[in-house]
Amino acid sequence: MVHTYHHPVLLQECIQWLNVQPDSVIVDATLGGGGHSEGLLTAQGLLRIIAFDADPDAVETARERLKPFGNRFTAICANFRSLATELEKLGVTSLQGLLLDLGVSSSQLDDPTKGFTYRREAPLLMKLGPSSVKSAHEVVNTMPEEELKQIFFQLGEEKNARRIARAILERRKEAPLMTTTQLADTVRKVIPERFAKKSLSRVFQAIRIYVNDELDSLKTVLRDAVTLLSPGGRLVVISYHSLEDRIVKEFFRFEAARQIENKYYPELAEPKEQRLRMLTRKPLTPSDNEIAENPRARSAKLRVAERV
Ligand SMILES: C[S@@+](CC[C@H](N)C(=O)[O-])C[C@H]1O[C@@H](n2cnc3c(N)ncnc32)[C@H](O)[C@@H]1O
């Protein structure tokens, strides 16, 4: 099979901001097609990378691609929420950098077995890998209307959440929704044509985030990363939607503060340990050129913090 790899987003920026030194160990927590790992291993000849991906297909492809780097590259098929335990098993107790390039890759979106996008007919699964316990069809076929609405509203920021949830309940009275096309057609029935694409993206995104518990995994990996980073170690995160970016921003802000604020009683603010220094006040975004070459990069936001 000929593989077209996912195009790594903001690659040069990641290399520059991770600022990897010889003999350091860094984690690429979202290996995907291995584009960022390859760029980093090439840029710094003595670097070692431990990479994670929840998707066994991604791990297998990237392992093959990165074979030339020998034992400088190790790939683990696991959700990055278990980063700390996986690294402990390898005897790795400190890191000099961690990269997170969140979401799914173009290879996963294009894969007709995974069902991540309404643009392709596929079974309604949306599982990143075996660590995801539910499938998308279980969610849309069994969840009460109110909960579905909450998922679309909170995880997709979809204004027509109620109307879409109701349409799904009506539709599933006839027969369960088992494919991406059946779900997309159900949404299209209640959303005007000119808004349909945006609503479809938001609904699919919401279900994917829910199925894979993506926001909780992100919170866990950020917390563990700070503990594992050695002083001067960098945390580089690329996010693709505002829910993720908000978590990253708030987390960096909290860890960069020297006290816990009390909004109404400022005199009660408590001192705390500052563990991070924010290196990007505003997130970095791809250039127009990069977006023209790789439209998927358009919503990317990169934030960097350093362990103090
Ligand atoms: C945007 S892609 C990364 C692409 C990669 N940087 C490259 O250059 O090819 C995100 C990858 O992270 C993986 N992923 C997302 N959430 C994950 C999680 N919680 N644990 C492990 N892997 C995850 C996805 O399976 C996907 O392969």
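Start with helix 3 and colour strand 2 and strand 3 with it: helix 3 lies across both strands, running at about 165 degrees to strand 3. Bear in mind that this is a predicted model.

Next, pick helix 11, residues 214-228. Helix 11 lies across strand 4, strand 5, strand 8 and strand 9, and its direction is at about 155 degrees to strand 5.

Seven strands make up an open sheet with mixed pairing, in the order 3-2-1-4-5-9-8. Strand 3 and strand 8 stand at the edges with a single partner strand each, so one side of each has no neighbour in the sheet. On average, neighbouring strands here are turned by 20 degrees against each other, ignoring direction.

Strand 8 pairs with strand 9 (residues 301-307) in the antiparallel sense, over three bridges. Select Leu 276 and you'll find its bridge partner in strand 9, Arg 307.

Then jump to helix 2, residues 35-43. Which of its residues are buried? Gly 35, His 36, Ser 37, Glu 38, Leu 40 and Leu 41. Their cover includes helix 1, helix 3 and strands 1, 2, 3 and 4.

To see the contact, select Leu 11, Cys 14, Ile 15 and Leu 18 on helix 1, plus Gly 35, His 36, Gly 39, Leu 40 and Ala 43 on helix 2. By class, that contact has six nonpolar, three polar and no charged residues.

Notes:
Residues numbered from 1 in each chain as written. Predicted model: local features only at pLDDT ≥ 70, side-chain atom pairs only at ≥ 80, totals over all residues. Buried ≥ 20, exposed ≤ 12 C-beta atoms within 10 Å, placed from the backbone. Helix = DSSP H or I, 4+ residues; strand = E, 2+ residues; numbered from the N terminus. Contact = placed C-beta atoms within 7 Å. Nonpolar A, V, L, I, M, F, W, Y, C, P; charged D, E, K, R; others polar. Pairing = 2+ DSSP bridges. Axes fitted to C-alpha atoms, helices over the stretch in contact; angles between N-to-C directions.
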